[in-house]
Amino acid sequence: LDPVVADRTFADGVSHFNGVRYWHAHESWETLWRAADDDERPFYQGLIQVAAGLLHLQRRNRRGALTKLEEGIAKLSPYKPAHRGIFVNELVARAEGIVVDLRSGHIPYLIPPVIRYTELKGP
C-alpha cells in the first residue's frame, strides 16, 4: 500500500472512530491490516477489535463487547505507550475500564473513547 494512501486510510479510521462510527473505522483499518507486515498486523487487528467491541456495546451485546474489547486490549498492549502517532495507552486504558464494567455484569453507558494523536496534525 502506498504510504500516502496508508496514512490517509489510517487517519480516516481514526476520524470514524472518534466520530463514533465504529463500523466505518473497522473498514478503514481492515484495508491496512490486510496489507500490513507481520510486525504491524496485530496493531491494526487490535484497533479493529476495539472498534468491534464498541459497536457491540452500542448494540447492547454485552458478551460480544467483552470478547472483542479483551482481544483488542491484548493485541494493542505491546504497542503502548504510543504507536503510529497515536496514544495507544489511553485507548487501552479506556477499553480496560469498559471491560471492568462489563465483567461486573452490567452494560455501561458508552462514553465514547477518543483516539488522540501524539502530535498536532497540520491541515
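Okay, let's start at Pro81, which sits in the loop between H4 and strand S1 (82–83). The bond joining Lys80 to Pro81 is a cis peptide, with omega at about 5 degrees. Quick word on labels: helices (H or I, at least four residues) and strands (E, at least two) are DSSP runs, numbered from the N terminus.

Before going on, the housekeeping. This is a predicted model, where local features need pLDDT of at least 70 and side-chain atom pairs count only at pLDDT 80 or more, while totals for chains, interfaces and linings use all residues. Residues are numbered from 1 along each chain as its sequence is written, and side-chain values use heavy atoms, with hydrogens and water left out.

Now back up the chain to H4 itself. Helix H4 covers residues 62–76, so 15 residues, and runs 21 Å from its first C-alpha to its last, close to the 21 Å expected at 1.5 Å a residue. That expected span is 1.5 Å times one less than the number of residues.

What caps the N-terminal end of H4? Asn61 does, with a side-chain oxygen 3.4 Å from the backbone nitrogen of Arg63. Arg63 is itself in H4, and at 67% relative accessibility Arg63 counts as exposed. For the cut-offs: buried is under 20% relative accessible area, exposed is over 50%, and partly exposed is in between (1.4 Å probe, protein chains only).

Which residues of H4 are buried? They are Gly64, Ala65, Leu66, Leu69, Gly72, Ile73 and Leu76. These pack against helix H3 (41–58) and helix H5 (88–103).

So, the helix pairs. Two packed helices are described by the angle between their axes and the distance between the axes. The axes are lines fitted to C-alpha atoms, for helices over the stretch in contact, and angles run from 0 to 180 degrees between N-to-C directions.

H3 and H4 pack at about 160 degrees, with axes 7 Å apart. That makes H3 roughly antiparallel to H4. On the cut-offs, under 35 degrees is roughly parallel, over 145 roughly antiparallel, 65 to 115 roughly perpendicular, and the rest oblique. Residues making the contact (heavy atoms within 4.5 Å) include Phe43, Leu47 and Val50 of H3, and Ala65, Leu69 and Ile73 of H4.

H3 against H5 comes out at about 40 degrees, with axes 12 Å apart. That makes H3 oblique to H5. On the H3 side, the contact is made by Phe43, Leu47, Val50, Leu54 and Leu57, and on the H5 side by Val88, Leu91, Ile98 and Leu102.

Arg60, in the loop between H3 and H4, has a positive phi of about 65 degrees although it is not a glycine. Arg60 is partly exposed, at 48% relative accessible area. Val20 also has a positive phi of about 65 degrees, and it's not a glycine either. Val20 lies in the loop between helix H1 (3–18) and helix H2 (22–35), and at 29% relative accessibility Val20 is partly exposed.

Last stop, H2. Its 14 residues should span 20 Å at 1.5 Å a residue, and the end C-alpha atoms are 20 Å apart, which agrees. Among its buried residues are Tyr22, His26, Trp29 and Glu30, and the buried residues of H2 pack against H1 and H3.

Technical notes: A polar contact is a pair of N or O atoms within 3.5 Å; within protein, one must be able to donate a hydrogen and the other to accept it, and residues adjacent in sequence count only if both atoms are side-chain atoms.
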